[in-house]
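Look at the sequence and the model first.

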Amino acid sequence: MIAFASLTMNYGQKVLFEEASLNFDPGKRYGLVGANGVGKTTLLRLLSGEETPTSGVVSVPRDVRLGVLRQDHFHYEEESVLNVVLRGRPELWEALQEKEELLHTGKQDAETGHRLAELEGVIAEQDGYTAEPFASELLAGLGIGNAYHTGPMRALSGGFKLRVLLAQLLFRLPDVLMLDEPTNHLDIISIKWLENFLREQFQGTLIFISHDRQFLNAVATHIVDIDYQELRLYTGNYEQFLEAKLLNEEQKRKLIESQERKVAEMQAFVDRFRYKATKARQAQSRVKQMEKMEIPEIKRSSRIAPQLRFEQTRPSGKLVLKAKNLSKSFGDVSVLENVSLEIERGEKIALIGPNGIGKSTLLKLLLEKTAADAGQWEWGHEVSISYFAQDHHEQLQGAISAYEWLYQFAPQESVSFIRGMLGRVLLSGDEALKQAKSLSGGESARLLFARIMMEKRNVLVLDEPTNHLDLEGVEALADALERYPGTVLVVSHDRHFVRRIATHVLELTPEGARNFKGNYDEYLERFGDDYLSRDQGLSRTRESARSSTKPTSQADRRELRKQLTRMERELEKLEMRIADTEQEIEKLNTRFSETDFYQKTPGEKVRELEKYKSRLGKKLADDLQHWETASEKVEEARNLMEA
């Protein structure tokens, strides 16, 4: 059992939580929830020993094996995918490697035989003879087909490398497994597989962060809520937690109202009879009672949802989009083939399918951001479109503030209007003056929603809009889209979100598009067994893509080579920046860990360094997110060059 007592964590003047105590019991699954920035990731880092609390004690027994997902994309580039997973059990891996080396020497002396026998014992103890099938099962469940298991890690995009590292962690079977947003790089099928694995096969303690409501409901046995600068434990899944928290807050409100009513009644009695001799003693008694009464303090919740409301200046015609036999290849790789679609006014279409199947490509094709190879499409009468790109940081470049960025799209509006719009997406006060390019993922997404609210178009095309939102943000977006009278075409892997808004489902598969007019539950009822059981992810999308034989012109190849060179240079710069930031954070950690650091360093300097470290951490998180997107683009371009 791991635990913490009287735990307080501050970053400069900001208090994340204070005097918190909690035990994590074996075999239970704890979901950490709370608004962005309240300290969920910090709590995981405290439990894993990566950070030191401001005060309090974190207790982890020595014999407990911790498993923490390390997002080290670069470490295993030349290693085979399967071997990376096997490295999850270091003792087994070392025994397998030593055994292979000894057998390779061909020695048959007594010493070698004795050592081989010892290694066989270690391998047997570590379930080494079923290790490879288990590792392959984990990889397949996370959407990486057998064709990639013996190939090098460098053949995978950043998102799939993260899946391999997750498989490595699951293979380790630690006593305590800590996961920070494990569903971020998974498609719906892989998320469902991970749910089942964590619920049915993993026997240890699970502590995880997720903004996927359905994942929380399916996996969590307990919820740890970080709010009001407190940590509070609830039994049950996320829906049960919401009910219990609402009940607690209602009871607290009624208690406060009751206490205030009693105080008011006693104060009225004192005011009336304080100077009346026959009642003076009773009045004084009530004064003493009021002095002893404690009315609970009402703290402000850190959970604040953006106020999203999408409107349209005028409706479109009844037929919004008609597309027929759309096809798109990149070199020899066929991404979309004969996709046909009709959208009517007011429909909410969820575009689903595994990663890499072409969902974003279809959106870009319809928006003429990339050219189709074949097929026709036409937007209907009076259609006007707002677009939310998956890589929305590309739209927020330049040394301008969030206020200036938004103002450029509505220069006719007043300062108070722009400020009010920013306030609705939780970018008020100094937050509105941050440089747009330095905003966090969640802040960037909300800023783009502010622009979409101002545009008042009648069609919204949204590519993974929930990726960086907290649970309150996802619910606010779903509410706004449900109320929106226009048409929505959205790509999302968040099943709860899709279930809330979809009236029409378009699934992209290697065999073509499946077009279903109905909501997500109706879709699963009809096609669920096929959808959730088919071969997944990398194997089926890439292998089916190879079936196309469309040639590439020399001009196309030269242009692709030029783009690839530019992207590789940008990626290299980004990797150097990430390495520099990690090195700077490590220097600060070393400095903080010096025994007499806090004694010899003035408090003002300590706070300054803590703020600097916090800024570095945010910068690192943003750069890693950019690296993820950039590396996938580079990998896609490399695959096209090799095709």
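## Confidence

The chain has an average pLDDT of 84, and 90% of the residues score at least 70; pLDDT is the predictor's confidence in each residue, from 0 to 100. This is a predicted model, in which local features need pLDDT of at least 70, side-chain atom pairs count only at pLDDT 80 or more, and totals for chains, interfaces and linings use all residues. Residues are numbered from 1 along each chain as its sequence is written, and side-chain values use heavy atoms, with hydrogens and water left out.

## Two packed helices

Helix α5 (residues 131-141) packs with helix α6 (residues 158-172) at an angle of about 135 degrees, and their axes are 9 Å apart. That makes α5 oblique to α6; angles under 35 degrees count as roughly parallel, over 145 as roughly antiparallel, 65 to 115 as roughly perpendicular and the rest as oblique. Axes are lines fitted to C-alpha atoms, for helices over the stretch in contact, and angles run from 0 to 180 degrees between N-to-C directions. Helices (H or I, at least four residues) and strands (E, at least two) are DSSP runs, numbered from the N terminus.

A131, F134, A135, L138 and L139 in α5 meet V164, A167, L170 and F171 in α6, where contact means heavy atoms within 4.5 Å.

## A three-stranded sheet

Three strands form an open sheet in the order β2-β1-β4, with antiparallel pairing; two strands pair if DSSP finds at least two bridges between them. At the edges are β2 (14-24) and β4 (55-59), each pairing on one side only.

Strand β1 (residues 2-11) pairs with β2 over seven bridges in the antiparallel sense. N10 has V15 in β2 as its bridge partner. Helix α1 (residues 40-47) packs on the sheet and touches β1, β2 and β4. The direction of α1 makes about 130 degrees with that of β1.
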